[in-house]
Structure formats: structure tokens, C-alpha cells
Amino acid sequence: MRLFEEGGPSIPLRLLTSQTFSTGVLNLVYAPTTPAGDAGYEEARTHLPQT
């Protein structure tokens with residue numbers, strides 16, 4: 001069973017917690033986040049550690 005319709009708008013999510021059970025089942029908890037926007041590589045470089 002699908003949680004979201006196929007081909008629908010994407011919903012930006014971030015992983016809050018994860019838990020793996022001995023059976024191999026994953027419990028993943030997500031929360032909405034803001035979209036990444038239109039930033040490009042040059043803007044992303046400003047957030048990298050400078051060596």
C-alpha cells in the first residue's frame with residue numbers, strides 16, 4: 001500500500017530517528033522540511049570547510 005500517490009508533488013522530508021529491530025524491520029520517523037531551493041554549486045561551496 002502506497003503512502004503517497006505516484007507522480008504527485010514531492011514532499012521534502014528529513015529523517016528524525018531510525019531504529020532497526022532484530023527482525024530487520026526499520027522504524028523510520030520523518031518530518032517535513034523546507035525545500036532546498038535553487039542554490040547551485042557555487043553557493044554550496046560557501047558552506048564547505050575551508051582547508
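The following is a conversation about a predicted model of a protein of 51 residues.

Biologist: Which helices and strands are there in the protein?

Modeller: The protein has 1 helix and 2 strands. Read along the sequence, their pattern is β-β-α. Strand S1 covers residues 13–20 and strand S2 covers residues 26–32, while helix H1 covers 41–45.

Biologist: How do S1 and S2 run, and how many bridges join them?

Modeller: The two strands run antiparallel, and 7 bridges join them. As examples of residues that face each other, Leu 13 stands opposite Pro 32 in S2, and Thr 17 has Val 29 in S2 as its bridge partner.

Biologist: What is found between the strands of that hairpin?

Modeller: The hairpin of S1 and S2 has 5 residues between the strands. In this hairpin, Gly 24 takes a positive phi near 95°.

Biologist: Let us turn to the overall form. What is the radius of gyration?

Modeller: The protein has a radius of gyration of 17 Å, whereas a compact globule of 51 residues would have one near 10 Å. Along the principal axes, the C-alpha trace spans about 45 × 30 × 15 Å.

Biologist: How much of the protein is buried?

Modeller: Buried residues make up 2% of the 51 residues. The protein exposes about 5200 Å², and carbon and sulfur atoms supply 56% of that area.

Biologist: What about contacts between residues at least 24 apart in sequence?

Modeller: Among contacts between residues at least 6 apart in sequence, 0% join residues at least 24 apart. Ala 39 and Leu 3 are 36 residues apart in sequence, and their C-alpha atoms are 29 Å apart in space. Tyr 41 and Arg 14 are 27 residues apart in sequence and 21 Å apart in space, again from C-alpha to C-alpha.

Biologist: Where is Ala 39 found, and where is Tyr 41?

Modeller: Ala 39 is found in the loop between S2 and helix H1, and Tyr 41 is found in helix H1.

Biologist: Are those two residues exposed or partly exposed?

Modeller: Ala 39 is partly exposed, because its relative accessible area is 48% and the class of exposed residues begins over 50%. Tyr 41 is exposed, because its relative accessible area is 58%.

Biologist: Which residues form the nonpolar patch on the surface?

Modeller: The nonpolar patch is formed by Leu 3, Phe 4, Ile 11, Leu 13, Leu 15, Leu 26, Leu 28 and Tyr 30. Together these residues have about 820 Å² of accessible area.

Biologist: Which strands supply residues of the patch?

Modeller: S1 and S2 each supply at least two residues of the nonpolar patch. The largest share, 3 residues, comes from S2.

Biologist: Take Leu 15. Where is it, and why is it classed as partly exposed?

Modeller: Leu 15 is found in strand S1. Leu 15 is classed as partly exposed because its relative accessible area is 45%, and that class lies between 20% and 50%.

Biologist: How do side chains point in a regular strand?

Modeller: In a regular strand the side chains alternate between the two faces of the sheet.

Biologist: Now the segment before S1. What about Glu 6?

Modeller: Glu 6 lies in the segment before S1. Glu 6 counts as exposed because its relative accessibility is 67%. The C-alpha atoms of Glu 6 and Leu 26 are separated by 22 Å, and these two residues are 20 residues apart along the chain.

Biologist: How many salt bridges are there, and which side chains meet?

Modeller: The count comes to 1 salt bridge. The side chains of Arg 45 and Glu 42 meet in it, with 3.5 Å from N to O.

Biologist: Where do Arg 45 and Glu 42 lie?

Modeller: Both residues lie in helix H1, 3 residues apart, which is about one turn of the helix.

Biologist: How exposed are Arg 45 and Glu 42?

Modeller: Arg 45 is partly exposed, because its relative accessible area is 41%. Glu 42 counts as exposed, because its relative accessibility is 52% and the cut-off for that class is over 50%.

Key: Residues numbered from 1 in each chain as written. Predicted model: local features only at pLDDT ≥ 70, side-chain atom pairs only at ≥ 80, totals over all residues. Heavy atoms only, no water. Patch = residues over 30% accessible without salt bridge, like charges linked within 9 Å, V, L, I, M, F, W, Y side chains within 5 Å. Areas by Shrake-Rupley, 256 points an atom, 1.4 Å probe, with all protein chains shown as cover. Salt bridge = Lys/Arg side-chain N within 4 Å of Asp/Glu carboxyl O. Helix = DSSP H or I, 4+ residues; strand = E, 2+ residues; numbered from the N terminus. Buried < 20%, exposed > 50% of the residue type's maximum accessible area, 1.4 Å probe, protein only. Pairing = 2+ DSSP bridges. Rg over C-alpha atoms; globule rule 2.2 N^0.38 Å. Contact = heavy atoms within 4.5 Å.
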